[in-house]
Amino acid sequence: MKHLRCLICCLLSACWLSAAACYGATPRQKTVRVACVGNSVTYGYGIPGRDSLSYPAQLGRLLGPQFEVRNFGHSGATLLRRGHRPYMQVEEFRAALAFRPDWIIVHLGLNDTDPRNWPQYGDDFVRDYCALIDSFRAVNPAVRVWVCRLTPIFHGHRRFASGTRDWHAEIQARMPQVAAATGAQLIDLYTPLHCRPDLFPDYLHPNAAGAAILAETVRRALTGDYGGLQLAPWLTDGAVLRRNRPVRIVGTANAGESVQVRFRGEQQRVRAADDGHWQVTFAAGAAGGPYELCAEAPSGKVTVRNLWLGEVWLCSGQSNMELPLREARTAAEDVRAADTLRRLHLYQMTTLGIPYAEVWDSLRMDSIDRLLYFRPAHWESCSSAAAARFSAIGYHFGRILSDSLQCPVGIICNAVGGATTESWIDRTTLETEYPPILQNWMENDHIMAWARERARYNLQRSTSAAPRHPYEPCYLFETGMAPLAGLDLSGVLWYQGESNADRPEMHERLFPWLEQSWRTFFGREDLPFYFVQLSGLSTRPAWPRFRDGQRRLADYLPHTFMVVSSDVGDSLNVHPAAKREVGERLARAALCHTYGRRLTPCGPLFRTLERRDGALCVRFRYAEGLHGAQGGPIRGFEIAGADGRYFPADVRVMAGGAAGDALLLSSPQVPVPCLVRYAWEPFPHANLVNADDLPASTFRAALTE
């Protein structure tokens, strides 16, 4: 074994001397020598002027004259030694050894996702990575090593769905093992760029702007400079944190800094990780406040005042959730009353503007491209001024909740007018579940035409090959959800669907992915979702099918509940002004399902269908006291036979025993009925309610025999 080590050292020395002669290596200087080892991303493939704009070149300028940074990237190189182009066999490897670096940054593995490599030799990956690092330690035992999680490969790559996506993920999962095995530090090059597909013209290689992000990410990792002590963006004066749960405080600091946090008489101390992140957890507390939180580190001190423990809810979706209280039907009364709601606290995430039918200027497009669509936000105690500009539905939900629970309630709103469902789903979920929706999205028929047309109109002056837009898949998650990382939520309120209603079957796939995405993001598999079924609009013939799809989603998705709004709609306006009723219905449902209050949570929901004496018997949940709203006869039901010709049904309420009330439906035009539908109009005139005057949902059903 001793002779073998000597032989390896001799061979490495020979490599170094050969490369030194070839590359003109000079004796060691006092500056820190930094070697960027990698493939085409390190090399700067596709970047005009790569000598000055590749990530190693930009890194050198960021680090300054005390560092000598050299680029040893080789396009197409694999980490695997049995791969199709092993890095340890190329000239750049020998040159890097000859350089005898003090520091090395290794970014290899992208080309190992080739089917010639990973399926064949993937088991060698960690061993081969260790061998590469050992080679550099042989020429400089004191060398410091950083290894990198791979930069992204995006959906447009020709092999993305055929294996590359999955092999890329497997390699990412090995990188912590590589770091542990070699004693190296791990740099995450994936997360900062995964939200920037616009910077990858060929879906694999970043352009100069992408290389700048790489350079800054590596600079921070090398120096440990993450901008000093900071708390999560949502932790401002007046914040509401979740009661009766361990209180988690998250933030960043410079790598390795000792951070001391004090809250409610308790003190925690933690060391910031190599990536600057830190987290402390305080004991759960009952509702109350105000409290003060203080965080200190060598790089600074942050004090947050007027904190509360209570309930925290997120209101999201599109324009009907965004519609402010001042524009609601009961605005005059509600805005005046808002000054009395001392327990309610509001966090409004405003944007650069709703994508109205206007052509954007270059300044707005540049901000949106750089993911600066949402402005920095802060908490406000409820007041007439704050409530007037806040979501009307969110306000009324919080008003009822804070009064019923007698505790502080924080409501966050990040809704965006016109937003699509897919724009609120994280990229990994869509890359995994449905990559076709990401392809050329403004020409993609999986996305509703209205959203695509509006984006094209807004972006007429764009000179970018891949301009960003709020309606683009993933965009609002990457801009409107990312600032909420680490927040402990009580639940979600969702009102959206107008921008997906022409694709009801597509929405029935997207919405479960949305829930999965958010529950993963917030770390709560049981995170409650309460959503509003679309109202009515006379010009939207697809809406009955969409509303029925929403009903079925609520019926089978766990921890998911729906409230109906069709009875308070506007036949000519996609933004009905009756928002108080919707907020109150959401609060009622949450009080029942999340807080265990003995309330009827919603209106009648279809349960079963059977034939009885030539009529159809329909049974419902939450059906006690079925009747027509405002005392009128029940209307809105239609039945049909096997020919599918629907006729208005005569409706009779019948006692349903322990199962609740039921309806008998018949028509002289339908002697053998087998189909039923209710409120099956774009703007329904149906009026079935239960004893609490809560409206029934649109539905249709077929008799199975």
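Is cysteine 474 buried or exposed? Select this residue before anything else, bearing in mind that the model is predicted: cysteine 474 has a relative accessible area of 0%, and since buried means under 20%, it is therefore buried.

Most residues other than glycine have a negative phi, and most peptide bonds are trans. Tyrosine 622, to be selected next, is not a glycine and has a positive phi of about 55 degrees, and its place is the loop between strand 21 (615–621) and strand 22 (627–628). With a relative accessibility of 30%, tyrosine 622 counts as partly exposed.

Then go to glycine 289 and proline 290, which are joined by a cis peptide bond with omega at about 5 degrees; proline 290 belongs to strand 12 (residues 288–297).

**Phenylalanine 263 and its surroundings**

Select phenylalanine 263 in strand 9 (residues 258–263), where its relative accessible area is 2%, so that it counts as buried. If you show what surrounds this side chain, leaving aside neighbours within four places in sequence, you will find that phenylalanine 263 is in contact with Leu241, Val247, Phe282, Tyr291, Glu292, Leu293, Leu307 and Leu309. For a sense of scale, draw a line from the C-alpha of phenylalanine 263 to that of glycine 156: the two residues are 107 residues apart in sequence and 48 Å apart in space.

**Two helix pairs**

Two packed helices are described by the angle between their axes and the distance between the axes. Colour helix 7 (residues 125–139) and helix 8 (residues 160–182), whose axes are 10 Å apart and which pack at an angle of about 40 degrees; the two helices are therefore oblique to each other, and their crossing is right-handed.

Move on to helix 15 (residues 392–405) and helix 21 (residues 580–593), whose axes come within 7 Å and cross at roughly 40 degrees. Helix 15 and helix 21 are therefore oblique to each other, with a right-handed crossing. Among the residues of helix 15 that take part are Ile393, His396, Phe397 and Arg399, while those of helix 21 include Arg580, Val582, Gly583 and Glu584. This contact of helix 15 with helix 21 has 10 nonpolar, three polar and three charged residues.

**Aromatic rings**

Finally, display the aromatic side chains, among which a search of the whole structure finds 33 aromatic pairs. One of these is formed by phenylalanine 637 and tyrosine 678, a tilted pair with 4.5 Å from centre to centre and 40 degrees between the planes. It links distant parts of the chain, as phenylalanine 637 lies in strand 23 (residues 637–640) and tyrosine 678 in strand 27 (residues 675–678), 41 residues apart. Both phenylalanine 637 and tyrosine 678 are buried.

Definitions and conventions. Residues numbered from 1 in each chain as written. Predicted model: local features only at pLDDT ≥ 70, side-chain atom pairs only at ≥ 80, totals over all residues. Heavy atoms only, no water. Helix = DSSP H or I, 4+ residues; strand = E, 2+ residues; numbered from the N terminus. Buried < 20%, exposed > 50% of the residue type's maximum accessible area, 1.4 Å probe, protein only. Contact = heavy atoms within 4.5 Å. Axes fitted to C-alpha atoms, helices over the stretch in contact; angles between N-to-C directions. Parallel < 35°, antiparallel > 145°, perpendicular 65-115°, else oblique. Left-handed = near helix turned anticlockwise from the far one by under 90°. Phe/Tyr/Trp six-rings, centres within 6.5 Å; stacked < 30°, edge-to-face > 60°. Nonpolar A, V, L, I, M, F, W, Y, C, P; charged D, E, K, R; others polar.
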